[in-house]
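Please read the following briefing alongside the sequence and the three-dimensional model.

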Amino acid sequence: MDTSSRAASSVPALFVYIPYCASICAYCDFNVYARRDAEFDAYTRAVTREIEMVAQTLPARPRAKTLSLGGGTPSILSAAQIESIARTVAAHFEFDAGAEWMLEVNPGTVDFEKLRALRALGFNRLSLGVQTFDDARLRQFNRAHTVADAYAAFAWARRAGFENINLDLIYGLPEQTLDEWRATLKRALAFQAEHLALYGLQIEERTVLKKRIDAGRVPLPDVDLAAQMYEEAVALAHAAGYEHYEISNWAKPGFASQHNKTYWLNEPYLGFGAGAHSSWQGERYENIRSPREYIKRMETGAAVISAREPITRAAEISETMFLGLRLGEGIAWARFQERFGEDARVLFREPIARLTDWQMLQVDDTRMRLTEQGMLISNQLLWRFLLDESK
Ligand code: SF4
């Protein structure tokens, strides 16, 4: 089996994971920790050390495509801690002018001064975790902010010079009505943000929400209603001039997230921090998840990678299909041919024929893409593009 990566680009996107939050949301199953403020300085030192060490393994002044600070809640760090990370990245990697530098922000963790400092550091895109415009729901899900915090953070971000802002919203909540969601969308659209990320709630194991549902204290969300909410989002965002460029993401023309497109195009990225994943030079690897253990190992010079596996050709092709079909632009035949030396129309003849027949897939001379209906039930469709390891 050929295990060499044929990724279209050898310039990685950079991702720095901050595993801390002010409180843990009831639906969240990420690798996140609350009330660890005393660790922030040590974690910042550890992650900057990892960035330096990885950069030293690369050719001098390696190029990078984009930078994203995600989590968790990166904005929970102080401006000085974020500055230390950003300056380390800038000292070791070369970016094109205007390259996307994004940061996830939770309302309630920023003020105008902090946002102005972040903009001055070179961050040019913010992703604001608004989720809903209902304070009772924010409390219900243990979100650490109010609706007023979201409005204030957005206004400060604009004043600080951010011209590329995403709003994260969540739908399919227990007992949420279609009218409530419609009102949420209308309030979100009134922000005139450049980008909207609209996520359907997933009930994950080992979350407070799952326990509440299992105990009968909260009803299971209605999946049919969630599908209607998605359709409503598609219609309203389209009418407001947003392009539906990925299953859960809408952007004003020119504002699709360049960093996130790296993942959807299955191109290489380097992740730093506790539990961060990397996909680089034909391998996929993951750091240890515990921030305390991560800090300890970085302080003593011990390895932080906990798992490593080669990316087989079959896995790379399958993932390129799963991820690429999430995009509105779909999979371009020529790009696939150039990357893998094969014709996707031949390799996936059977699923293409079947899904086209079901009107879940549209095919033309240049590409294939899911229809809006196909996007809605993509989880039930994309497994058909799983390639056998023997192929
Ligand atoms: S803010 Fe985000 S990462 Fe943190 S607990 Fe809530 S959902 Fe999870």
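At what angle do helix H11 and helix H12 pack, and how far apart are their axes? Helix H11 (residues 313-324) and helix H12 (residues 333-340) pack at an angle of about 165°, and their axes lie 12 Å apart. The model is a predicted one, in which local features need pLDDT of at least 70 and side-chain atom pairs count only at pLDDT 80 or more, while totals for chains, interfaces and linings use all residues. Residues are numbered from 1 along each chain as its sequence is written, and side-chain values use heavy atoms, with hydrogens and water left out.

**Helix packing**
- The angle makes H11 roughly antiparallel to H12, a term for angles over 145 degrees on a scale from 0 to 180 degrees between N-to-C directions.
- H11 passes H12 in a right-handed crossing, whereas H1 passes H10 in a left-handed one; left-handed means that the near helix is turned anticlockwise from the far one by less than a right angle, and right-handed that it is turned clockwise.

**Cavity and pocket**
- A search of the whole structure finds one cavity of 30 Å³ or more, a cavity being a set of points on a 1 Å grid over the protein atoms alone where a 1.4 Å probe fits but cannot get out.
- The largest cavity holds about 40 Å³ of space, and its lining (residues with an atom within 4 Å of a point) consists of Tyr 27, Gln 131, Thr 132, Leu 138, Phe 141, Arg 143, Ile 170 and Leu 173.
- The second largest pocket holds about 380 Å³, where a pocket is an open set with protein on both sides within 12 Å along at least five of seven lines.
- Of the 21 residues lining the second largest pocket, Glu 50, Val 54, Tyr 285, Ile 305 and Arg 308 lie nearest its centre.
- Helix H1 (40-56) and strands S11 (269-272), S12 (277-280), S13 (283-287) and S14 (305-310) each supply at least two residues of that pocket's lining.

**Backbone geometry**
- A cis peptide bond with omega of about 25° joins Gly 71 and Gly 72, and Gly 72 lies in the loop between strand S4 (67-71) and helix H2 (79-92).
- Gln 131, in strand S6 (residues 125-131), has a positive phi of about 70° although it is not a glycine.

Notes. Grid points are joined across faces, edges and corners, and a volume is the space filled by probe spheres set on the points. Helices (H or I, at least four residues) and strands (E, at least two) are DSSP runs, numbered from the N terminus. Angles under 35 degrees count as roughly parallel, over 145 as roughly antiparallel, 65 to 115 as roughly perpendicular and the rest as oblique.
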